[in-house]
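Please consult the sequence and the structure shown here while reading.

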Amino acid sequence: MIPSGARVWIAMGHTDMRRGMQGLAAMVQQHFTKDPFAGDLWVFRGRSGTLVKIIWHDGVGMSLYAKRLEKGRFIWPSARDGVVSLTSSQLACLLDGIDWRNPQYSWRPQSAG
């Protein structure tokens with residue numbers, strides 16, 4: 001569950017997935033010049049595109065979430081550097097392997113009439 005008010009950032013490009021919480025937090029501080037302890041979620045993707053790691057500090061401690069897709073790949077921006085901000089809904093799509101940039105309904109709403 002994403003805390004209300006928390007921002008979600010995805011790191012562009014690919015990240016060495018051997019990094020743990022400390023290594024990813026250091027990357028946020030050094031590479032993106034942001035505070036990894038500010039309560040934001042930071043999402044990183046491995047080179048193959050099938051593994052993501054998310055770090056988040058809740059004010060008490062740092063958490064690390066990892067997810068590997070059995071089929072398909074996580075949809076990622078094509079730029080090599082920087083970060084992109086997502087909504088919690090877009091993050092939910094991303095974690096399900098859905099293209100968060102252009103999600104499609106599987107049905108069309110009917111007009112009331």
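Is Arg 18 buried or exposed? The model is a predicted one, and in it Arg 18 is exposed, with a relative accessible area of 73%.

## Salt bridge of Arg 18

The side chain of Arg 18 meets that of Asp 16 in a salt bridge, with an N to O distance of 2.9 Å. Asp 16 counts as partly exposed, at 33% relative accessibility.

## Other salt bridges

In the whole structure, a search finds 4 salt bridges. Among them is the pair of Arg 7 and Asp 40, whose side chains meet at 3.0 Å, N to O. Arg 7 belongs to the segment before strand 1 (8-11), while Asp 40 is in the loop between helix 1 (21-31) and strand 2 (41-45), so the pair ties together parts that are 33 residues apart in sequence. Asp 40 counts as buried, with a relative accessibility of 7%, whereas Arg 7 counts as partly exposed at 46%.

A further salt bridge is formed by Asp 99 with Arg 101, where the closest N and O atoms are 3.0 Å apart. Asp 99 counts as partly exposed, at 27% relative accessibility.

## The loop with Gly 72

Gly 72 is located in the loop between strand 4 (62-68) and strand 5 (83-86). Its relative accessible area is 51%, and Gly 72 is exposed because the cut-off for that class is over 50%.

Gly 72 and Met 12 are 60 residues apart along the chain, and a separation of 19 Å lies between their C-alpha atoms.

Note on methods:
Residues are numbered from 1 along each chain as its sequence is written. This is a predicted model: local features need pLDDT of at least 70, side-chain atom pairs count only at pLDDT 80 or more; totals for chains, interfaces and linings use all residues. Side-chain values use heavy atoms; hydrogens and water are left out. Helices (H or I, at least four residues) and strands (E, at least two) are DSSP runs, numbered from the N terminus. Buried means under 20% relative accessible area, exposed over 50%, partly exposed in between (1.4 Å probe, protein chains only).
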